[in-house]
Amino acid sequence: YRGEYFYNFENSYLTPDGSKAAWCIDSDMSKAILPAKKHAEPWGRSYVVVRGKLGPEGSFGAMGTCKRMLEVTEILEVKHMRRQ
């Protein structure tokens, strides 16, 4: 899967290329996260290519924002890392 990875202190999700969907991620994505600045939590976006298992449709994450859960098993590429 490839797309924009968003993360902050509450949420972590992937918006796949060509879609407006948000897939929640509950996996170690530390390679795609910029370190926190000063005393703030990490917060930003990265473009990623990952391997993983996409779960069934449902309601996941904060207030049911995500319609699916993606379990990332391997991060293949990370680029365009930027802070919010």
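Phe9 is exposed, with a relative accessible area of 53%, where exposed means over 50%, buried under 20% and partly exposed in between (1.4 Å probe, protein chains only). The model is predicted, so that local features need pLDDT of at least 70 and side-chain atom pairs count only at pLDDT 80 or more, while totals for chains, interfaces and linings use all residues. Residues are numbered from 1 along each chain as its sequence is written, and side-chain values use heavy atoms, with hydrogens and water left out.

A search of the whole structure returns 4 aromatic pairs, the rings of Phe, Tyr and Trp (its six-membered ring) being paired if their centres lie within 6.5 Å, and the planes counting as stacked under 30 degrees apart, edge-to-face over 60 and tilted for the rest. Among them, Phe9 and Trp43 form an edge-to-face pair, at 6.2 Å centre to centre and 70° between the planes. Trp43 is partly exposed, at 40% relative accessibility.

The structure also contains 4 salt bridges, each defined as a side-chain nitrogen of Lys or Arg within 4 Å of a carboxyl oxygen of Asp or Glu. In one of these, the closest N and O atoms of Arg45 and Glu4 are 2.9 Å apart. Glu4, partly exposed at 26% relative accessible area, also meets the side chain of Arg82 in a salt bridge of 2.3 Å, N to O. A further salt bridge joins Glu77 and Lys79, with the closest N and O atoms 3.6 Å apart. Through shared partners, salt bridges join Glu4, Arg45 and Arg82 into one network.
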